Each structure stands twice: as structure tokens, then as C-alpha cells.
Amino acid sequence: MGDIGRRLGSKVAKSLMSESSATILKTAKANKTSLSKALDGTMKKSHDMKIFGLGTLATMASRQRYARFTGTMYAVYRTMEEELDASAAISEPVGIVWNPYGSVLRRSERLHQDLLDVQVSSSPALDLTNESLWSPATTAYVHSIREAGQHDRDNKGARLLGHLYCRYFADLFGGSVLATPYRVALGLPANTPRHYEFDFSSVDVDGSGGSRRALVEGVYSSINKAATRMTTDQEVQVAAESMLAFQHNIDVYSEDGKLYTDSVRGGLKVVTGLVADQLRFGTTN
């Protein structure tokens, strides 16, 4: 059963070999130096591909489990974006990254819409927009983000950039491969989940309409620029916060239980969903 999780993790990793991921990661210039390089190092040290693979497949096992996970991510992103908005006006390093790229990176409204897709027939207890209903891992993650934001405002630091790196780069690199498996496994509406889609038009630097490469390179460059406004200790704090964020993600992905059994169920639903999708496609051509 664990092999299925590892295979999904491998699929996500292999997606990094496309132009939109590993090629960009390897050929980008800004992540070969300064704080961007250090943050890439935290991903290599702290990103547990097995847990990510198993946990992702498990959330495809049922709409109820998907709703719980999407609710958690909504709470996390909503909090992170609120804290980034508040801190960008006070902390220069945070503003250097968030002010030019916040509009295209934001995910919370898209996650909210994704949550509404599966909340109509679900129990009200799954409404994780209500803080009193958050799981322990969700609560710990949200409080960690709030603490980082307050610290940044009090000290003009940039710990929030560690959280920004952990979540948004995951969406930019690995998330893009997951939209179709979720849609077919859970019978979601066409063109969903929405939170894996980005509008690159705001980073159109050559009239081509923008690209994932331009956005990734731009955010990396802004992180390095922000580092020039930080002390060495503040840079270390950002990297440490990124590692903490990765640990929070491990806790979120694994806390719902039945990780192995639900990952098998999720994997089977992806396979049968893809087959059904192909059959439907075939009958319309």
C-alpha cells in the first residue's frame, strides 16, 4: 500500500521534469544564490514525499475527506494571506515579495470556491471556516503563521516568507499535476479544483501572456532582493520557518488517519475515474 503513495510522489516528482517544473527549477538563475538557494535547501531536507503522496491519494478517497483537507488549506491560506497583507505594509522584506506577486499567488478565494463545491451535501461539522471546528493540526499551523506574522510586524522581519515559499512553490511546481486526478476521482465539476490554476498575465514581460517560468523566477528574485534588507539572523529565521511549515504540512496530511487504506481507495478511484473519463471522451468523438 505504501508503494502506491510512493508512486504518486514519484509522479509529482517527475512532473518537475517538465518545462513548468524541474527544467525551471534547474535553469532558473535566482535560486542558485542567496536566500532562494537556502529555501530550496529546506525543501530537500524537509519535504516528505512519501507522506505527501499517501496523504494526497487519501484525500481522493471520498468527498468528505477532500472537504476536510480543502477546509484546512482554506484556513491556512486565508490566514497566511491576511498576515502577509498586514506585514507587507510594515516589514520591508515582506513587502518586497508580497506587494508585486500577492495578487497572482493568492489561493484562499479559489479554495473557498472549491470547498463550496463539496459542502452542499456535507455535514456542517466539515465547515472548517469556523475556527472552533479546526483540527489540532490545522490549529497549530494557523497559530504558527499568526505568530510569524506578528513577529515580522514587531521586528520588521520576514519569517512569513518561509510559509510563502513552502505553500506557493508547492502549488507552482507539484500542484499542477493534481487537478485532473482530483476531478476524476471525486466527480468534481469541470475546471476544478480551481486553486491549482494561476493567471500568469500579470508577469507578462515579453508580450507572450506570461508564464510559470516568469512567475517562479520573479518570486525567487524578489526573495533575494528581500534578503538584502535582512540581517543574517533574519535570513536564518526565514529558512527555519520554512522547515517548520513543511512539518506542519506533514502533520496536516497525516492526521486524518487511515493513511494507507484511504490512499489505496483514492488511487483506485483515480484509475477508475480516468478510465470513465476516457470512455466518455471516446463516445463524444
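Let's start inside helix 11, where the buried residues are Arg-212, Leu-215, Val-216, Gly-218, Val-219, Tyr-220, Ser-222, Ile-223, Asn-224, Ala-226 and Ala-227. Buried here means under 20% relative accessible area, with exposed over 50% and partly exposed in between (1.4 Å probe, protein chains only). Keep in mind that this is a predicted model, in which local features need pLDDT of at least 70 and side-chain atom pairs count only at pLDDT 80 or more, while totals for chains, interfaces and linings use all residues. Residues are numbered from 1 along each chain as its sequence is written, and side-chain values use heavy atoms, leaving out hydrogens and water.

Helix 11 covers residues 212-227, and its 16 residues reach 23 Å from first C-alpha to last, close to the 22 Å expected at 1.5 Å a residue. That expected span is 1.5 Å times one less than the number of residues. Helices are DSSP runs (H or I, at least four residues), numbered from the N terminus. The buried residues of helix 11 pack against several partners, including helix 3 (34-46), helix 9 (160-173) and helix 12 (232-254).

Now move to helix 9, where you will find His-163. Is His-163 buried or exposed? With a relative accessible area of 0%, His-163 is buried. Its side chain makes a polar contact (N or O atoms within 3.5 Å, one able to donate a hydrogen and the other to accept it) with the side chain of Glu-241, at 2.8 Å. Beyond its neighbours within four places in sequence, His-163 is in contact (heavy atoms within 4.5 Å) with residues including Met-80, Tyr-141 and Ile-145.

Finally, look at Glu-82 in helix 5 (residues 63-88). Glu-82 is partly exposed, at 47% relative accessible area.

Key:
Helix = DSSP H or I, 4+ residues; strand = E, 2+ residues; numbered from the N terminus.
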